[in-house]
Amino acid sequence: MKILITGCAGFIGFNLAKALLEKNNFVLGIDNYDNYYSIKLKKKRVSALKKFKNFKFLKIDITNELLLKKSLAKKKIDIIFHFAAQAGVRYSLINPQKYIKSNLIGFCNLVESIKNIKLKKFIYASSSSVYGESRKFPLSENQLIKPKNIYGITKKFNEELAENYSNLYNINMIGLRFFTIFGEWGRPDMFVTKFLTSSFKKKPFYLNNRGNHVRDFTYIKDLIQILLKLQKVNLRKKHEILNVCSGKPINITRTIKHYSKKIYKPKIIMRSLQKADIIKTHGNNSKLKKSVGNFSFTKFEIALDNTLTWYKKNKIEKIV
Ligand SMILES: NC(=O)c1ccc[n+]([C@@H]2O[C@H](COP(=O)([O-])OP(=O)(O)OC[C@H]3O[C@@H](n4cnc5c(N)ncnc54)[C@H](O)[C@@H]3O)[C@@H](O)[C@H]2O)c1
């Protein structure tokens, strides 16, 4: 199986590429080594992938339509996992143009480049951010979506564009609304990794909205098992949207409480609610479970412990 992963130097793309390579698939990975967070961390991920003989890396910016088209021509790709995007909600207030470029123009360039290829599946990352500040929980795929920030708006547009391309060009597509993925090789701008970095660097930790945030934390290893299953299943519709979440809302301070028993507790500085932030996410994962078969999610504290072990082993505070 020949699989294209965009954003393979990123958190999710890297973890999936590694899992697929371990199963002897051929993986073509592309990434532009964007500087949103540590390029050193991204390069470390890619050098781990380069140890597999079935891995090929192309440094490409998906906003470069001509280069993308040229590079993908005649590659005989079976499945695409599209993860390359400008991620993060807060940064969308600082640099909205980057979201428009990578998430809208980049997405459009990619679907344009592959619309005439005989693909088995095109699986792309959407986000729980499309729901916005909903009051109806758990969040279900069929409810009205009203994103609160530009990041969420770009993901909503991706879903609409995918629906259109899937119909026009008969492509099997799956849009995945990821809910706060965390774990090994996690993003330094996200809560769990950020807290570990504050602890190991002995620097203050800023707790937004005084810690009154609830997240449907989803462990990366569970997500990877789900992605491996999704690559094989045939879904009912040509284009499906699925929540990918453990379905268990957790107050973010539970992470701090758990880690404070094990590692240095950094000084906590309380902050007010940040403008782009959502207070609560809690997804309904019954459609996901119907699609991939019943699935048991890793216990939160076990996943936190695994993440801590990875962080210490790789001395991540020296890289990020
Ligand atoms: N991690 C989460 O909790 C989460 C939640 C919801 C949605 N998502 C989505 O999942 C996908 C992967 O997220 P992640 O956490 O791995 O993020 P990440 O930032 O670690 O990975 C994204 C990768 O895409 C690359 N990239 C960015 N712009 C690019 C461009 N124009 N051309 C080529 N490469 C580009 C970056 O260099 C990066 O390596 C993203 O689409 C993100 O929006 C993630």
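Q: Why does Y33 count as buried?
A: Y33 has 12% relative accessibility, and buried means under 20% relative accessible area, with exposed over 50% and partly exposed in between, for a 1.4 Å probe and protein chains only; Y33 therefore counts as buried. This is a predicted model, in which local features need pLDDT of at least 70, side-chain atom pairs count only at pLDDT 80 or more, and totals for chains, interfaces and linings use all residues. Residues are numbered from 1 along each chain as its sequence is written, and side-chain values use heavy atoms, with hydrogens and water left out.

Q: Which value of phi does N209 have, and is N209 buried or exposed?
A: N209 also has a positive phi, near 50 degrees, and is a residue other than glycine. Its place is the loop between β8 (205–207) and β9 (214–215). The relative accessible area of N209 is 16%, so N209 is buried.

Q: Why is the peptide bond from F137 to P138 called cis?
A: Omega of this bond is near -5 degrees, and the bond is cis. Most peptide bonds are trans. P138 is found in the loop between β5 (121–127) and α6 (150–169).

Q: How many aromatic pairs does the structure hold, and what makes F182 and F300 an edge-to-face pair?
A: There are 24 aromatic pairs in the structure. F182 and F300 are 5.5 Å apart centre to centre, with 65 degrees between the planes. Rings of Phe, Tyr and Trp (its six-membered ring) pair if their centres lie within 6.5 Å, and planes under 30 degrees apart count as stacked, over 60 as edge-to-face and the rest as tilted; the pair is therefore edge-to-face. F182 belongs to strand β7 (residues 181–182) and F300 to helix α11 (residues 300–313), 118 residues apart, and the pair links distant parts of the chain. F182 is buried at 5% relative accessible area, and F300 is buried at 7%.

Q: Why is the pair of W185 and W310 called tilted?
A: The centres of W185 and W310 are 5.6 Å apart and the planes make 55 degrees, so the pair counts as tilted. This pair also links distant parts of the chain: W185 is in the loop between β7 and α7 (191–201), W310 is in helix α11, and they are 125 residues apart. W185 is buried, at 13% relative accessible area, as is W310, at 6%.

Q: How do you know that the charged end of K42 sits over the ring of Y37?
A: The charged end of K42 is 4.5 Å from the centre of the ring of Y37. A charge sits over a ring if NZ of Lys or CZ of Arg is within 6 Å of the ring centre and within 35 degrees of the ring normal. K202 lies over the face of Y264, at 4.7 Å from the ring centre.

Note on methods. Helices (H or I, at least four residues) and strands (E, at least two) are DSSP runs, numbered from the N terminus.
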